[in-house]
Amino acid sequence: MEKSITWKIGGPAGFGIMVSGTILAKAFARAGLYLASTTEYPSLIRGGHNTYIIRASAEEIFSLIFSVDLLVALNQETIILHKDELSQGAGLIYDSEDPEIGKDLLPEANCHLFPVPLVKLATQDGGAKLMMNNVALGSSWAVMNLPFEILAGVVADVFNKKGEEIIKENLQAAKAGFEYIKKNFPHDFDYQLHEGQAPKRLVLSGNEAIGLGAIMAGLGFAALYPMTPINGLLQFLASKSEEAGFVFKQPEDEIAGINMAIGASYAGARSLVATSGGGFSLMTEAYSMAAMTETPLVVVMGIRPGPSSGLPTWTGQGDLKFVLGASPGDFTRIVLTPGDPQECFELTQVAFNLADRYQTPVILLVDKFLCESLGTIEKAKIATERIAIDRGKLLDLSAADYKRYQITEDGISPRILPGKIFFVTDSYEHDEMGLATEDASMIKKMVEKRGRKFSLLEKEVPEPQLFGDQDAEITLVGWGSTKGAAREAIGRLKTQHVGLKINYLHLNWINPFPKEAVTKILSKAKKIISCEGNATGQMAGFLREQTGVEIKKQILKYDGRAFFPEDIIEGVKKYA
């Protein structure tokens with residue numbers, strides 16, 4: 001049997017699918033287990049089929065896998081849609097009194113059936129039908145043979161703000177499901193978990209990790225207009241603004257948001273905006289103004305598949321070239337691409353420092369899967385991996401001869417905030433005083449001044465992360481949330497093929513690009529395979545542009561779903 005369990009719940013929107021997943025993810029973490037999880041829901045305002053999937057293990061894991069070991073069906077549709085995903089010997093929890101779930105619908109063999117009267121148990125003590133999800137959670141916890149007290153603690157915490165009566169009703173429902181399984185199906189499931197020894201960890205989505213990183217970096221102002229997949233970041237920042245001491249604003253649209261953020265940054269506040277492709281399209285004119293006025297700004301760009309509205313609630317990696325060339329003008333777009341919640345936390349802090357040091361906008365590019373999936377960060381690392389705030393050449397003084405755009409050797413002009421002294425900032429090309437100019441000599445000097453900043457930045461680009469064998473014959477290359485699936489895939493490939501040397505090159509600094517390090521790593525590999533969530537191999541094309549290395553073998557996925565390790569393993573075998 002696998003050392004991990006993959007649990008999945010499915011049902012209609014409004015039946016607490018998201019809350020159920022969040023409760024169980026936190027309970028797994030509290031039980032000392034490692035986990036990976038995500039939710040899937042259709043691009044509808046209301047209704048449709050929703051799922052939440054979690055993989056948990058006592059050993060460190062990096063991603064979800066395709067097969068499901070324990071499926072919770074809150075309705076008939078869940079069984080129809082997902083029974084083919086069940087692994088050998090998997091379990092199925094369903095409402096035994098649901099007239100729509102007939103015997104002909106149930107898996108026939110190699111499946112443990114757990115018929116539980118979910119609605120009856122939810123309502124027997126005066127509870128609501130909707131609490132059938134908590135009955136299902138209690139049932140699942142019992143099937144996996146984990147202590148009820150851990151689950152009960154999380155349920156109490158999650159419903160804490162709703163009062164004692166609500167906590168009591170939800171605990172009763174969970175307890176009823178737990179006891180029903182213990183009484184009627186004792187020791188009836190091969191997949192069972194035991195409490196683990198993982199370090200104490202925070203359960204966070206990518207959005208929440210970005211928000212936490214921004215607060216740790218001294219966030220002063222955030223303006224976010226709602227748009228999937230950054231709504232979780234909006235909710236997180238809105239809920240923390242008073243406690244953390246920054247200004248949160250929900251503007252009337254994305255154009256207003258980025259202009260507010262540029263104004264706040266101009267006045268000295270570390271500022272952030274977040275959106276996805278459609279919203280960033282609206283922001284691009286102001287984005288280039290931030291570049292011309294040399295105003296620091298962090299832009300979180302959440303990717304969902306397009307073109308146009310595309311698949312608003314699904315994932316993809318199709319906006320890489322868009323952000324590398326977005327906005328008019330010839331300037332360097334700094335782009336960072338975290339691959340898990342830990343990197344979201346760290347690179348957000350890096351982004352704020354880069355924005356200040358180089359007085360320019362910085363893009364944090366994250367795919368929807370990463371934005372909305374729950375992962376974990378060790379609690380201890382929140383403190384130890386806090387990055388010192390570096391405001392660069394932000395001077396607290398006044399100077400009679402101050403030139404906001406002074407031409408300097410490193411290209412970075414001293415920055416003084418408004419109020420200290422009078423100066424002009426202009427979106428037109430300008431001279432050292434900030435006054436608009438069309439003088440050919442001055443234009444050339446200003447273009448070269450801004451360019452020198454990026455020459456300096458290229459020198460501090462870190463080497464990319466390499467996971468696996470240093471002397472690999474096969475090197476996988478990817479970015480974003482592909483990281484987890486790729487790390488899981490190389491581990492499984494090495495188990496299946498003893499002696500195979502394989503590694504994964506994770507790119508989280510896209511521009512400036514770590515040219516020399518990537519070239520050196522790829523020069524050692526006999527086979528190079530890029531793994532990307534788009535149809536055209538955008539990273540492979542950009543990598544060729546930067547290094548001259550052409551990657552002819554590609555594993556591409558563009559169906560709105562994130563990579564599973566199985567996708568990568570199958571692709572590698574195709575090229576073997």
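**Entry 1: a lysine and a glutamate**

I looked up Lys483 and Glu343 and found that their side chains meet in a salt bridge, 2.8 Å from N to O. I noted the cut-off: a salt bridge is a side-chain nitrogen of Lys or Arg within 4 Å of a carboxyl oxygen of Asp or Glu. Lys483 lies in helix H16 (residues 482–496) and Glu343 in helix H12 (residues 341–358), so the pair ties together parts that are 140 residues apart in sequence. I also wrote down what these names mean: helices (H or I, at least four residues) and strands (E, at least two) are DSSP runs, numbered from the N terminus.

Buried or exposed, I asked about Lys483? Lys483 is buried, at a relative accessible area of 4%, and Glu343 is buried too, at 4%.

**A note on the source**

This is a predicted model, in which local features need pLDDT of at least 70 and side-chain atom pairs count only at pLDDT 80 or more, while totals for chains, interfaces and linings use all residues. Residues are numbered from 1 along each chain as its sequence is written, and side-chain values use heavy atoms, with hydrogens and water left out.

**Entry 2: other salt bridges**

How many salt bridges does the structure hold? I found 25. One of them joins the side chains of Glu294 and Lys449, at 3.1 Å from N to O. This pair links distant parts of the chain, 155 residues apart: Glu294 is in the loop between helix H10 (277–292) and strand S11 (297–303), and Lys449 is in helix H15 (residues 440–458). Both Glu294 and Lys449 are buried.

I then turned to Lys393, which forms a salt bridge with Asp410, their closest N and O atoms being 3.1 Å apart. Lys393 counts as partly exposed at 27% relative accessibility, and Asp410 counts as partly exposed at 25%. I also found a network of salt bridges linking Arg270, Asp356, Arg391 and Arg415.

**Entry 3: a threonine**

Where is Thr475? I found Thr475 in strand S18 (residues 474–479), and at 1% relative accessibility Thr475 counts as buried. Leaving aside residues up to four places away in sequence, Thr475 touches several residues, including Leu505, Leu522 and Ile528; contact here means heavy atoms within 4.5 Å.

Technical notes. Buried means under 20% relative accessible area, exposed over 50%, partly exposed in between (1.4 Å probe, protein chains only).
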